Amino acid sequence: MRDWLHPLRACFTAPSWEHVLVLVMGAVLAPGKRTISACLRMTGRAAANNFSSYHQILNRARWAPHAVARRLLVMIIDRLVPEGPVVIGMDDTIERRWGRRITARGIYRDPVRSSHGHFVKASGLRWLSFMVLTPVPWAGVVKALPVFTLLAPSQRSNLQRGRRHKLLTDWARQGALQLCRWLPGRDIVFVGDSGFAVHDLAHAIAGRATLISRLRLDANLFEPPAKRQAHTMGRPAQKGAPLPKLKTLLSNPATPWHRITVASWYGRKQDKALEITSDTALWYRPGTRPRPIRWVLVRDPEGKRAPQAFFSTDTAREPADIIALFVRRWQVEVTFAETRAHLGVETQRQWSDKAIGRTTPALLGLYSLISLWACDLLSTTSTPYAAAWYRKTNLTFTDAIGGVRLALWVGDVFQHSPPNREQQEIPPDRLVRMAEALCFAA
């Protein structure tokens, strides 16, 4: 664990670092709730009298989460994306929490339990997470690795504390600009859903990064302004003639359609054939400057999916590349689900503002760390955890966290070529903790 976490050592003081090692190891090994007490039990410290020192790592210790996020980003980029564009997905999630002492809590629409005709409310915290979308060697597919997570307090919370309320897109703008400063000189592509298809965000990162998102079928698109002549009076025109709405192009028989094949599509379909049409235009909204974009209109030849449109602020990017990069964003939802299932997100019980602001980003960052550590333990030829009734051919995060746990529980006990010929045994206290992890798993 010391070797794996060594790149983060400079972010903590010497006393805090020893406690951090215990908490991280306990968070990885704990099978149920990710509380401080569960971490201490898993590491054999159930009788430790200084248990409050471990709580203070989250609610009082002086360490900067932004500094940890920056080093985590560098670790992922150096290991998995040494060259080429850095694709970063951004999306929000609701951590369901109740309690009057949680000041940033709000009432939101539950995206999991709600549908188009059924609205379900949920009490909790809203988090905006930025994740590196990159292929992982042991998985053989694209994974979403969280690197930077921000808490977006509710409007009611900000009003009660006398603070100016920030929209989710405001947090996205600040987070995107921060990541651009951390990765100078790299080609960065931010991918988000339709909630991030806003002019302010597109203009804020102009010249620093590319934004790819969905585009409304009734978006206001215009031609470039006509070339200004020499003695023309008045202010220069910002846009030209309006272009037809994208939804009208669907019913226009003169629309040119081109067939392409994408590697991945809805329903885990491989090599899906799509019909697309694309062009450049000025994307305009009253009150903001027009933004040049490349739009891509997609329809399913089989008619199983409704037509949809995407856009990129990089007008030189190929339409097929825009679709392929947007498809990567779907892994963000997989990461949110796996952190809840395997890392206990929503099971922590902190109440102070500082501890709440640190715990969930730490658990999401732990997902990325485990994925990196698994690169040293697993390969594409490793056998996945399966059974006769569960045929599984590809490695998943379950195999990754299982391999990391095995390395921490067993360590070097079963080395193939030990340095000495003496029989090595698992320490008895470790066997007891392993048994307790099985017996008291929740």
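A residue is called buried under 20% relative accessible area, exposed over 50%, and partly exposed in between. By that rule K269, at 32% relative accessibility, counts as partly exposed. Keep in mind that this is a predicted model.

**A strand hairpin**

- Strand β3 (residues 121-135) runs antiparallel to β4, and 9 bridges join the two.
- One of the paired positions is F130, whose bridge partner in β4 is F148.
- Between β3 and β4 lie 6 residues, and together the strands form a hairpin. In the turn, G140 has a positive phi of about 75°.
- Strand β4 (residues 142-151) is largely enclosed by the rest of the structure, because 10 of its 10 residues are buried.

**Salt bridges**

- The structure holds 21 salt bridges.
- E302 is partly exposed, at 48% relative accessibility.
- The side chains of E275 and R299 also form a salt bridge (2.6 Å, N to O). This pair links distant parts of the chain, with E275 in strand β9 and R299 in strand β10, 24 residues apart. E275 is buried at 17% relative accessible area, while R299 is partly exposed at 26%.
- Salt bridges with shared partners join K269, K272, D300, E302 and K304 into one network.
- D218 and R216 meet in a salt bridge too (2.9 Å, N to O). Here D218 is partly exposed, with a relative accessible area of 32%, and R216 is exposed at 60%.

Conventions:
Residues numbered from 1 in each chain as written. Predicted model: local features only at pLDDT ≥ 70, side-chain atom pairs only at ≥ 80, totals over all residues. Heavy atoms only, no water. Buried < 20%, exposed > 50% of the residue type's maximum accessible area, 1.4 Å probe, protein only. Helix = DSSP H or I, 4+ residues; strand = E, 2+ residues; numbered from the N terminus. Pairing = 2+ DSSP bridges. Salt bridge = Lys/Arg side-chain N within 4 Å of Asp/Glu carboxyl O.
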